[in-house]
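Please open the structure in your viewer and keep the selection panel at hand. The stops below say what to select next and what can be found there.

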Amino acid sequence: MLIQLVVTGVALGSMYGLVALGYHITWATSRTMNFSQGTAVMAGAVIAYAFAVALGWPFLPSLLLTLLGCCGFGLAIERVAVRPFFRASSPAWLLSTIACGIIVENTAMLFFGKDTRAFPSPLTQRPILVGGAGFYLQELLIPIVGLLLMGAVQLFYHRTAYGKQLKAVAWNAEAAGLMGIHIPRAVMTAYALSALLAGVAGVLLAPVLNVAATMGTIIGLKAFAVAIIGGLTSAPGIVLAGLGYGLVESFVAGYVSTGAREIVGFGLTILVLVIRPWGLLGARPTRRV
Amino acid sequence: MTALGWAALGLAAAALPLLTANTYYLYVGANAGLLVIVAAGLNVLAGFTGQISLGHAGFYAIGAYTAALLSVKAGWNPVLATLVAVALAALIGAAVGAAALRVSGPYLAMVTIAFGIIVEGILIEWVSLTGGPGGVFSIPRPTLRGSYWLILAMAALALWLVVNLRASAWGRAFLAVRDSEVAAESLGLSAHYVRTVAFSLSAAFAGAAGGLFAFLNGYISPDSFTLQTSILFLLALLFGGMGYTAGPVVGALVLTLLPELLTRLTDYRLILYGALLLLSIYWLPSGVAGALARGRPRRQLRSPASAASAGERPGALGEEPVAATGPTLLRIEDVGVAFGGLTALAGVSLTVAGRGIYAVIGPNGAGKTTLLNVLSGFTAPDTGTLRLLDQAIARRPPHAIARLGVARTFQTAQLFAELTALENVAVGMAGRRLGSVLAALLGSPGTRRRERALAGDAAALLRTMGLGEWADLPADVLPAGLRRRLEIVRALATRPRLLLLDEPAAGLSPAEIKELDAQLTALRAGRGPAIILVEHHMDLVMAISDRVAVLDDGRVIADGSPESVRRDPAVIEAYLGAPA
């Protein structure tokens with residue numbers, strides 16, 4: 001039981017962290033985010049399903065097309081719902097991304113149907129038994145890929161020239177713009193990368209959670225909670241908060257009930273926001289007059 | 001919309017049950033009425049204070065379940081049950097608001113979403129109380145006609161209450177914290193408290209609608225109280241027009257009727273909602289009501305028609321002068337502030353007597369504005385003490401310091417853009433004294449009397465300060481010079497003991513500086529407050545100041561009469577550089 005809960009918790013938690021990192025990336029570059037990031041998770045799962053299961057294409061080209069599709073989705077969201085309201089003081093981008101999320105989710109439902117569909121994977125055929133606990137190989141694959149990806153994102157930001165430019169934009173957009181960095185392109189890159197990470201989470205989760213047009217909403221919300229808990233400005237905080245959230249959720253679901261899971265998870269989120277509004281590892285904002 | 005238009009709309013809606021026996025129309029109409037009530041409440045929160053909630057389905061649920069359970073399980077009278085439901089929603093709203101409104105933007109969205117999900121989770125999980133996913137059955141219900149009329153009356157009541165509220169000191173306070181939180185704080189308003197009240201009120205409206213919803217349907221289940229419901233509430237307000245009385249009505253009618261007209265397209269219903277939301281953000285930023293009302297003024301408090309109606313009140317320019325033997329007005333001792341490694345103030349000590357103009361000058365970056373921010377509570381000093389009339393004020397919040405009689409202006413004038421000049425002054429004049437929010441909702445005679453007196457006093461003060469003719473113009477259309485003067489008048493309206501002016505002459509034309517000079521001279525000659533003046537225009541400073549302190553690199557390098565400071569070698573060095 002215990003091992004099972006830890007495996008599930010780490011698997012889900014790493015995915016929350018991966019999706020939450022997407023919020024962090026766009027927030028850092030533009031002080032905006034796709035509030036319906038969950039639809040990008042769903043898009044990843046649904047596109048992968050369309051190619052790999054419905055059309056029966058081989059794995060690699062399917063994955064490649066899915067990732068491309070997710071990047072395109074991120075770019076579209078940026079163009080339609082964010083750029084017109086870039087850096088506006090009003091919450092317009094918040095509401096417009098929610099609107100886009102509703103439209104995309106329900107359009108997907110028109111084509112995909114209301115049913116949940118299984119996504120067969122060779123890694124979910126047979127459970128492995130370890131000391132009485134059963135879990136799928138996929139559940140081990142998820143956190144490994146997730147943590148590797150999160151590490152890769154960090155390397156990209158800290159080690160590559162373009163990543164450093166993006167970091168500069170995050171630090172001070174005005175100064176970065178004066179140094180010749182193309183800010184609109186940096187924001188587009190952030191949105192594409194953000195949707196890409198969410199899409200990968202969708203593909204990885206599809207065999208475990210099954211695929212449905214509505215699967216993204218709750219994952220997106222929990223990832224947002226994770227981003228807030230860890231600190232929107234802190235990537236390491238988000239990774240840790242993701243794992244923590246996944247573990248807490250898994251244990252509450254295991255020992256109390258699945259319903260209590262959301263109550264405890266979102267209750268903790270409110271608690272963190274009340275005590276440390278800037279998150280566990282986020283930068284404390286200073287007041288300007 | 002005119003009064004006649006409202007009456008016609010109300011009559012038409014009330015006559016509907018007499019014109020048709022089709023229960024379906026009545027049911028749809030009743031649901032539109034419920035949405036009007038919720039959206040009218042959200043208008044107070046989102047339209048007036050500018051804070052968004054994505055969790056009001058939670059309060060709708062609290063109202064519905066409280067009313068339903070009290071009448072089904074405890075056998076209470078439905079009216080009493082609904083009243084308790086409203087009170088409980090308001091109470092929980094106050095608690096959630098107090099916690100949530102410490103943050104804003106996406107953070108606030110998260111807290112409210114989390115609240116809604118938690119309520120929904122509790123409804124599903126606490127089976128013994130709520131009936132779990134199955135919900136509550138056989139709630140007593142009046143006839144559909146009766147329900148319809150009741151909901152219609154309640155919707156009209158909700159709109160009327162919000163109109164009254166907007167026309168009161170509370171309404172101005174809501175808009176003030178939305179347009180400029182720092183200015184509102186500097187006038188003695190606690191932005192957090194004001195917003196929490198707005199949140200609680202909007203929760204109460206949602207709770208009332210929830211209670212009515214339970215008695216309309218006779219059956220409730222958690223399915224009706226999801227995140228989608230919260231988004232629908234907000235969409236009704238946004239599409240109709242945030243901040244406008246007609247907004248909730250337009251939004252509720254369109255969002256309830258449109259899907260019914262397109263019943264064959266039920267699968268597209270949510271896509272339609274999403275598209276409407278997106279379209280209204282793109283092309284109708286102030287909603288349908290805002291688009292129709294464009295260009296029309298939305299004045300609330302008006303200056304009295306006859307100029308002579310309000311007597312010039314003697315003490316209107318400041319508190320009674322402090323007696324010469326009393327404690328020193330302000331004693332600043334050894335104050336230090338550092339931002340990270342950057343020292344903004346170091347060991348600053350100044351003493352301000354009860355009266356006169358004390359100028360603080362110095363090169364850019366010397367710490368002048370930081371000193372004002374410390375004095376008014378916007379920056380907490382790292383070291384040192386501040387005593388105002390022998391009370392320690394360091395590290396108190398800005399609104400608490402303002403209430404002790406410290407008023408200020410800002411380097412870029414922070415006016416409440418959507419309020420008129422008169423209303424701006426009225427916010428300062430009322431300060432924290434907003435009166436009872438219930439009386440404001442009901443538009444009680446006492447509230448109306450107070451409003452008339454406030455309008456008279458504010459108009460008189462504006463006339464005294466030479467701004468009378470601009471009283472009824474929105475603050476954001478005034479030119480820069482008038483904006484600065486209006487900000488000073490608004491600060492004076494709080495009847496301060498100490499007035500802090502942050503570069504009032506910056507960006508003014510020579511003619512405007514002359515007027516400012518006259519205004520400050522008049523204040524000094526009259527019974528005005530003591531003034532700390534941060535300013536770069538040396539002619540102005542030397543002409544009107546009683547005493548001048550010079551800050552350089554966070555330290556006081558000279559402090560004395562204008563004449564002595566002008567000749568001080570250290571000052572000359574700071575401004576012109578060391579002699580070769």
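The expected span of a helix is taken here as 1.5 Å times one less than its number of residues, while helices (H or I, at least four residues) and strands (E, at least two) are DSSP runs, numbered from the N terminus. This is a predicted model, in which local features need pLDDT of at least 70 and side-chain atom pairs count only at pLDDT 80 or more, whereas totals for chains, interfaces and linings use all residues. Residues are numbered from 1 along each chain as its sequence is written, and chains are lettered from A and ligands numbered from 1 in the order in which they are written.

**First stop: a helix of chain A**

Select α4(A), residues 92-112, which has 21 residues and reaches 30 Å from its first C-alpha to its last, close to the 30 Å expected at 1.5 Å a residue. Of these 21 residues, 15 are buried, a residue being buried if 20 or more other C-beta atoms, placed from the backbone, lie within 10 Å of its own. Just after α4(A), select A:Gly113, which takes a positive phi of about 90 degrees.

**Second stop: where the chains meet**

Now show both chains: the contact takes 32 residues from chain A and 33 residues from chain B, with two residues counted as in contact if their C-beta atoms, placed from the backbone, lie within 7 Å. On the side of chain A that touches chain B, α4 (92-112), α9 (215-230) and α11 (258-275) each supply at least two residues, and the largest share, twelve residues, comes from α4(A). The residues of this side divide into 23 nonpolar, seven polar and two charged, where Ala, Val, Leu, Ile, Met, Phe, Trp, Tyr, Cys and Pro count as nonpolar, Asp, Glu, Lys and Arg as charged, and the others, Gly among them, as polar.

Move to β3(B), residues 357-361, where five of the five residues are buried, so the strand is largely enclosed by the rest of the structure. On one side of β3(B) lie B:Ile357, B:Ala359 and B:Ile361, and on the other B:Tyr358 and B:Val360, all of them buried.

Definitions and conventions. A residue is buried if 20 or more other C-beta atoms lie within 10 Å of its own, exposed if 12 or fewer, and partly exposed in between; C-beta atoms are placed from the backbone.
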